[in-house]
Amino acid sequence: MRKTDFLIIGCGFAGATFANLAAERGYTVRLVDKRNHIGGNCYSYKDDESQVEVHKYGPHIFHTNSLKVWGYVNRFSKFNNYINRVKARTGQKVYGMPINLHTINQFFGKDFSPAEAKKHIDSIRLKDIKPSNFEEFLLHNLGKS
Ligand SMILES: Cc1cc2nc3c(=O)[nH]c(=O)nc-3n(C[C@H](O)[C@H](O)[C@H](O)COP(=O)(O)OP(=O)(O)OC[C@H]3O[C@@H](n4cnc5c(N)ncnc54)[C@H](O)[C@@H]3O)c2cc1C
């Protein structure tokens with residue numbers, strides 16, 4: 001029996017990618033995982049009854065700005081064209097997420113430049129709060145509207 005060049009513990013993205021690249025270069029690899037499936041936290045499966053793709057550990061959206069990486073992952077799976085467009089609603093208004101200059105201007109009904117937006121937020125943030133939770137962190141950094 002040929003010796004194993006690499007024993008890889010964990011078959012998530014990292015382990016699976018390493019195993020594949022090593023195998024393609026002629027090394028022998030043994031890949032083990034304590035779970036009964038591959039894919040790590042990105043694992044998903046099709047529900048038999050509904051045929052819906054279930055993301056067992058939470059939904060995953062693949063991001064890359066590398067054509068090399070994009071080409072690589074497309075060798076193994078077909079990707080759909082889902083684009084993550086997040087909106088948040090407060091009061092009667094809907095805002096684009098993540099927050100950017102446009103969101104700030106939309107929220108305050110202004111036409112701030114980046115420097116003006118920074119100055120405005122600095123003027124309303126609650127500087128004296130020492131944040132001990134997420135709400136206080138936001139009040140300290142952004143203030144109250
Ligand atoms: C809810 C959620 C949503 C996410 N959303 C996104 C997203 O939208 N986009 C994105 O890019 N990333 C997202 N991530 C992050 C992404 O899941 C991780 O970056 C990626 O899974 C990391 O891959 P990994 O191979 O390093 O680790 P993992 O995927 O965690 O794989 C590690 C594997 O090692 C196994 N293992 C660990 N210890 C042992 C052991 N002692 N013996 C045997 N096996 C072992 C585990 O069972 C697991 O299968 C999200 C993560 C979560 C939890």
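These questions and answers cover a predicted model.

Residues are numbered from 1 along each chain as its sequence is written. In this predicted model, local features need pLDDT of at least 70, side-chain atom pairs count only at pLDDT 80 or more, and totals for chains, interfaces and linings use all residues.

Trainee: How far apart do the C-alpha centres of domain 1 and domain 2 lie?

Mentor: The domain bounds come from an automatic or database domain assignment. Domain 1 covers 6-73 and domain 2 covers 91-142. Their C-alpha centres are separated by 38 Å.

Trainee: What radius of gyration does the protein have?

Mentor: The radius is taken over C-alpha atoms, and the globule rule is 2.2 Å times the number of residues to the power 0.38. For a compact globule of 145 residues the value would be near 15 Å. The C-alpha atoms here fill a box of roughly 70 × 40 × 30 Å along the principal axes. The radius of gyration of the protein is 23 Å.

Trainee: Which residues does Gly40 touch, not counting residues up to four places away in sequence?

Mentor: Contact requires C-beta atoms, placed from the backbone, within 7 Å. With residues up to four places away in sequence left out, Gly40 touches Gly10, Cys11, Gly12 and Phe13.

Notes:
Contact = placed C-beta atoms within 7 Å.
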